[in-house]
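Dear colleague,

Please find the structure below, handed over for your use. My findings follow directly after it.

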Amino acid sequence: MTRVIVSTGRGGTGKSTFCAMISKYLAPPLLLIDVDPDQSLCDMLGVDLEKEEVSTVSNVVSDIKQTGGLSSRLYFDDLETAFYQNCIYKSEKFDLVTLGTKWTEGCYCLADNSLKGIIPKLIRGYENVVIDSPAGLEHLNRRVVSHMNDLFVLSDSSLKSMKHIERMKRIMEGVKITYDYFYLVASHDFNGEVEECLQNLSQHYLGKIDYDVNVKDYNLKGKPLWDLPEDSPACLSVKKLLKRIQETDTNHFQVREELLA
Ligand SMILES: Nc1ncnc2c1ncn2[C@@H]1O[C@H](COP(=O)(O)OP(=O)(O)O)[C@@H](O)[C@H]1O
Ligand SMILES: [Mg+2]
């Protein structure tokens, strides 16, 4: 059974960094889906889609629209064909699909709905699928995925983040998004005192990602986060969280044991 793992939270809390980093320790075959139009996950993994001549969902939707295909009953067939031909980046380590940036006026409804329609078939055959969300709450209302096995919520040390979690849970209830496991993760800007507050707030508090100057540096230079030294603070934190999950949750996702050791 494919395992769907999602990270969400407010902007700048470290969602994309977290997705890039945990995916290194997950068992293959692995698929990453970037639902953020800003597509920063690619940069964090060192993937240059243009150079690789891989397109995005937003681009193929726009192409179909321009050729008048949108009014056609065959829209989804055209989309699927274009998607499978052009939008999957494949490598030995992982496959990657991105929603992508829209370059014209208007909302992302069609691109989001198209990706939503593609996901159920796309994820079949992968052991783990990691989905990186855009900032905020709207993607939940859009219900791009309706069931997640593991939901990681990244939280910074602000009252806004705490309120965000409450709103998020309420929306998910309202639009009927379900999950098996909920993990609250403190972002790198937490100090001990505020972390305690988060611990008290939720029984699902998993732990903290430590501040790591290498993450800043790699992100600045566009170096893949998978190449961070294993003893780098962020790597050590992610490995600690994954080991905690292995210890506490019996039906956890499959990891690459050799890398966690
Ligand atoms: N553990 C960390 N240590 C230091 N900086 C980090 C860490 N995690 C993320 N960052 C930095 O925080 C910023 C936001 O991270 P990002 O993953 O893009 O957040 P989000 O996807 O939630 O918007 C980036 O500049 C990133 O380099
Ligand atoms: Mg992001």
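Strands β2 (residues 30-34) and β5 (residues 128-132) pair in the parallel sense over five bridges, where strands are DSSP runs of E of at least two residues and helices runs of H or I of at least four, numbered from the N terminus, and pairing requires at least two DSSP bridges. Within this pair, D34 stands opposite D132 in β5. The model is predicted: local features need pLDDT of at least 70, side-chain atom pairs count only at pLDDT 80 or more, and totals for chains, interfaces and linings use all residues. Residues are numbered from 1 along each chain as its sequence is written, while chains are lettered from A and ligands numbered from 1 in the order in which they are written.

Both strands belong to an open sheet of eight strands with mixed pairing, in the order β3-β4-β2-β5-β1-β6-β7-β8. Because β3 (89-90) and β8 (205-208) stand at the edges with a single partner strand each, one side of each is left without a neighbour in the sheet.

Helix α1 lies across β1 (3-9), β2, β5, β6 (147-155) and β7 (178-186), at about 165 degrees to β5; axes are lines fitted to C-alpha atoms, for helices over the stretch in contact (C-beta atoms, placed from the backbone, within 7 Å), and angles run from 0 to 180 degrees between N-to-C directions.

Both α1 (15-23) and α10 (213-221) supply at least two residues each of the shell around ligand 1. Of the 18 residues around this ligand (C-beta atom within 6 Å), K15, S16, T17, H188 and N219 come nearest.

Yours sincerely

Technical notes:
Contact = placed C-beta atoms within 7 Å.
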